[in-house]
Amino acid sequence: MIPTLPSRSFPAPRRSVLKSGLTALFGTLICVYLFYCLINGDTWHIKDLKFDSVSFPYTKRPEATQFCTAEEYANGHWVRRKNPPSSLDEIRTLYGVKDRGRLECDPPGWPVIAKGRVPLEEPTHIERMLNQTRWKWAPRNDCHRWEMSEEAFVVRMLRSRAGLILVGDSLSEQHHEIVRNFLVSHGGPYQLRFTGSRPRIDEVFLDPNHELTQHYLRVAGVTAERLKNPITTFFLERHLLSMAEYDQVNSHVERYVPLSEDDGQHQWVSESLWDARYREQLERPVTFTVEEGIGENAKVAVQEEPTILVLNTGPHWIASEIGTHSVPDADVLKSYNNMIDKVLYNLTANAPPADLKVFYRATSPGHESCAEIAEPVVENPRWNVTSDREIYNWHLLQPFNEAWKRRISSVTIQPPPHRLDISYLDTWEMSLQRGDAKFLPPHDCLHFCYQGVIEEWQKFLWHEIVRESVNADYGMENREPVYL
Ligand SMILES: *[C@@H]1O[C@H](CO)[C@@H](O)[C@H](O)[C@H]1NC(C)=O
Ligand SMILES: *[C@@H]1O[C@H](CO)[C@@H](O)[C@H](O)[C@H]1NC(C)=O
Ligand SMILES: *[C@@H]1O[C@H](CO)[C@@H](O)[C@H](O)[C@H]1NC(C)=O
């Protein structure tokens with residue numbers, strides 16, 4: 001039985017729109033339904049989903065052994081696709097990039113200063129995009145993944161207070177762009193709100209007046225109140241700290257000049273916005289439309305999911321942002337560790353007012369001479385960095401990651417009612433293997449091309465989110481053979 005749709009909350013659009021909307025809606029539901037029956041060999045009653053056996057919060061879903069553990073997902077390798085995409089359209093389809101989404105992977109040596117962004121139709125651009133989308137990530141042991149669909153993503157985020165929040169520098173900005181690529185199209189249900197010319201805050205809301213929004217709310221089982229908070233947000237914060245905290249963590253550095261007395265050296269450090277903002281959003285509870293004790297589906301009450309907070313900071317912990325003089329590595333590492341203290345203190349001792357799942361996403365490596373790397377290095381990739389590569393402290397990125405990994409394993413998890421859980425999302429290996437997929441060789445060997453590596457960070461994140469979800473209706477298992 002398909003869950004009944006509360007028709008009274010359906011707006012009254014023009015007839016034809018209503019009709020085609022309903023057709024699409026039922027079409028989707030029926031497809032989902034049939035797929036579900038197929039993989040379960042059973043008739044699907046929503047009340048049969050095993051909510052009863054799931055105790056809130058954070059009990060892991062009953063897990064088939066063949067699903068990837070985080071360890072298996074992280075430690076795979078890139079393999080050649082049997083049927084690689086052969087056009088930009090196919091790339092869009094393969095990576096789920098909507099019409100407003102960004103495709104880009106600059107050909108080596110493109111004179112970006114003189115000519116700006118490389119046009120999409122430039123032959124060498126297309127060639128490079130095809131070159132590096134020939135590869136797909138294969139987690140270890142042929143394990144299965146949870147695939148991300150737009151609807152599942154939106155529904156999962158609607159059931160949490162503030163959805164998916166990414167905080168970090170331009171690498172996280174790229175990550176968020178991938179999420180937007182996956183959602184935002186002309187005429188779609190999303191509203192973008194930017195704060196700042198290069199947005200410090202980049203939010204994706206659902207448009208309350210869009211028909212699809214009503215559909216998502218119904219499937220999620222949440223009220224329209226939830227639309228006041230975004231589905232996903234990016235905060236551009238290169239150090240994850242307020243200015244006062246930045247001064248504190250660096251105070252041990254010889255000749256450190258506090259930001260308040262600084263003459264403009266610290267152009268990369270701006271006042272922190274994320275902490276106050278997301279705490280405010282977490283104050284708003286999600287209210288659900290299906291209430292316990294009403295009708296046949298009484299026991300189906302949908303549960304609130306934790307908000308997902310993804311943090312990263314790395315390449316901006318450099319001498320030129322800490323002081324005007326050279327700063328020894330040991331001092332930079334000390335500042336960095338002080339920063340981890342502050343962030344973890346705020347998350348634990350000063351815990352936010354709702355369930356929260358935090359992922360620290362590994363900083364990805366820069367690749368020396370990336371223009372000369374033609375293909376992924378999948379067998380024992382060697383991390384090539386020389387410590388004279390001072391710009392953006394590439395040689396410290398792995399020690400930074402190690403510091404987080406160590407510290408996260410020792411964090412005490414908060415008990416209910418508001419539970420906090422923190423994991424390290426290890427995207428290092430999948431990134432290290434892909435020196436061929438850097439954004440602008442040889443000038444930018446740190447960022448990645450759109451389409452490929454960063455999508456995989458997001459897929460990995462999604463897999464982890466579904467694995468840990470409280471409700472059981474997000475997943476399409478990816479049962480395709482890994483070597484496709
Ligand atoms: C695409 O890959 C081929 C084979 O590795 C290489 O010769 C060619 O230069 C690459 N094209 C671009 C634009 O990177
Ligand atoms: C920690 O919390 C304080 C007080 O709410 C806030 O000013 C600061 O920005 C927070 N810092 C971090 C790293 O979240
Ligand atoms: C590091 O550099 C060496 C020599 O240039 C190269 O063979 C190797 O593939 C590089 N490693 C990665 C991960 O790209």
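Predicted model: local features only at pLDDT ≥ 70, side-chain atom pairs only at ≥ 80, totals over all residues.
Biologist: Which residues of α6 and α8 make the contact?

Modeller: From α6 the contact takes E151, V154, V155 and L158, while α8 brings Y216, L217, V219 and A220.

Biologist: Is the crossing of α6 and α8 left-handed or right-handed?

Modeller: The crossing in which α6 passes α8 is right-handed.

Biologist: Switching to strands, in what sense do β5 and β6 pair?

Modeller: Strand β5 (residues 190-195) and strand β6 (residues 201-206) pair in the antiparallel sense, over 6 bridges, and T195 has I201 in β6 as its bridge partner.

Biologist: What about G196 in that hairpin?

Modeller: The hairpin has 5 residues between its strands, and G196 takes a positive phi near 100 degrees there.

Biologist: Now the ligands: what surrounds ligand 2?

Modeller: Around ligand 2 sit L240, L241, S242, E245, S272, D275, K342, V343, N346 and N350, which divide into 3 nonpolar, 4 polar and 3 charged residues.

Biologist: Which helix gives the most to that shell around ligand 2?

Modeller: That is helix α12 (residues 329-348), which gives 3 residues to the shell.

Biologist: And which residues surround ligand 1?

Modeller: Ligand 1 is surrounded by P107, P108, T124, E127, R128, N131 and A374, and its shell divides into 3 nonpolar, 2 polar and 2 charged residues.

Conventions:
Residues numbered from 1 in each chain as written. Chains lettered and ligands numbered in written order. Near = placed C-beta within 6 Å. Helix = DSSP H or I, 4+ residues; strand = E, 2+ residues; numbered from the N terminus. Nonpolar A, V, L, I, M, F, W, Y, C, P; charged D, E, K, R; others polar. Pairing = 2+ DSSP bridges. Left-handed = near helix turned anticlockwise from the far one by under 90°. Contact = placed C-beta atoms within 7 Å.
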